[in-house]
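Good morning, colleagues. Please keep the display in view while I speak.

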Amino acid sequence: VASVYGSYQFGTNFNLAFEGLHRYGNDIFTGKPWTEPNALWIEGVLGEQHGGRGINGVQHGRPGTNYLLFGYIASGFNSTGAYENITSTASYRAVYINAPNGYSSAYLGIHHWIGANSRLGLFWQNFALMPGTDMPAGSATCPGCYLSNDTKNAFVLESLFQF
């Protein structure tokens with residue numbers, strides 16, 4: 001697996017980050033190249049995410065300020081595995097999906113700095129099986145069954161304390 005990450009700061013209040021991942025090699029069961037071997041993550045921040053550096057170089061914010069965080073993840077059915085993941089580079093936050101393969105996810109949230117080292121965020125996040133992906137869901141009572149549609153929405157209240 002190879003992953004490329006980049007980030008660009010467009011002035012003081014807008015940042016975009018990107019991660020692209022590709023899984024090389026062949027499927028161990030078919031011997032053919034992996035189907036859907038790519039994944040990507042794009043994330044943007046609008047507003048003042050970091051106010052400066054404090055004690056021991058830790059980034060901190062200005063209490064009372066807000067910033068908007070938005071992103072999109074698309075993870076092909078065979079893009080990641082047990083030892084690599086698309087959901088850990090672009091930002092500090094979890095994306096609340098532990099096995100992203102075959103799914104896309106979009107999120108939008110606002111963070112509020114409640115102190116120099118603490119913030120609260122409220123997020124909406126959507127998870128959906130990517131179009132054209134059939135997710136194996138077989139069991140003893142339903143061998144060979146597949147999911148062709150799986151969509152979920154979540155609202156998440158999160159907090160971050162840094163020292």
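**A walk through the model**

I begin with Phe14, which counts as partly exposed at 26% relative accessibility. Please bear in mind throughout that this is a predicted model.

How many aromatic pairs does a search of the whole structure find? The search returns three. One of them joins Phe10 and Phe14, with ring centres 5.4 Å apart and an angle of 35° between the planes, a tilted arrangement. Both a distance and an angle are quoted, because a pair of aromatic rings is described by the distance of the centres and the angle of the planes. Together with Tyr8, Phe10 and Phe14 make up one aromatic cluster.

Another ring takes part in a contact with a charge. The charged end of Arg23 is placed over the ring of Trp34, at 4.1 Å from the ring centre.

Let us now turn to the strands. Strand S3, residues 38–47, pairs with strand S6, residues 66–75, in the antiparallel sense, and nine bridges connect them. Within this pairing, Ala39 has Ser75 of S6 as its bridge partner. S6 also pairs with strand S7, residues 103–115, again antiparallel and over nine bridges. Here the bridge partner of Ala74 is Ser104 in S7.

Is Ser104 buried or exposed? Ser104 is buried, because its relative accessibility of 15% is under the 20% limit. Beyond its neighbours within four places in sequence, Ser104 contacts Tyr72, Ile73, Ala74, Asn126, Phe127, Ala128 and Met130.

Glu36 is found in the loop between strand S2, residues 14–22, and S3. Although Glu36 is not a glycine, its phi is positive, at about 50°. This deserves a remark because most residues other than glycine have a negative phi. Glu36 is partly exposed, with a relative accessible area of 32%.

My next residue is Trp124, in strand S8, residues 118–129. Its relative accessible area of 30% makes Trp124 partly exposed. Which residues does Trp124 touch, leaving out those up to four places away in sequence? They are Ala106, Tyr107, Leu108, Asn153, Ala154 and Phe155. Consider Ala106: 18 residues separate it from Trp124 in sequence, while the two C-alpha atoms lie 8.4 Å apart in space. With Asn153, Trp124 makes a polar contact between side chains, at 3.1 Å.

I come last to the charged side chains. Side chains of opposite charge can pair when their charged atoms come close. How many salt bridges does the structure hold? There is one. Lys152 forms this salt bridge with Asp150, and their closest N and O atoms are 2.4 Å apart. The two partners do not share an exposure class: Lys152 is partly exposed at 44%, whereas Asp150 is buried at 14%.

One is strand S6, which pairs with S3 and with S7. The other is Trp124, whose side chain makes the polar contact with Asn153. Thank you for your attention.

Technical notes
Residues are numbered from 1 along each chain as its sequence is written. This is a predicted model: local features need pLDDT of at least 70, side-chain atom pairs count only at pLDDT 80 or more; totals for chains, interfaces and linings use all residues. Side-chain values use heavy atoms; hydrogens and water are left out. Helices (H or I, at least four residues) and strands (E, at least two) are DSSP runs, numbered from the N terminus. Buried means under 20% relative accessible area, exposed over 50%, partly exposed in between (1.4 Å probe, protein chains only). Contact means heavy atoms within 4.5 Å. A polar contact is a pair of N or O atoms within 3.5 Å; within protein, one must be able to donate a hydrogen and the other to accept it, and residues adjacent in sequence count only if both atoms are side-chain atoms. Rings of Phe, Tyr and Trp (its six-membered ring) pair if their centres lie within 6.5 Å; planes under 30 degrees apart count as stacked, over 60 as edge-to-face and the rest as tilted. A charge sits over a ring if NZ of Lys or CZ of Arg is within 6 Å of the ring centre and within 35 degrees of the ring normal. A salt bridge is a side-chain nitrogen of Lys or Arg within 4 Å of a carboxyl oxygen of Asp or Glu. Two strands pair if DSSP finds at least two bridges between them.
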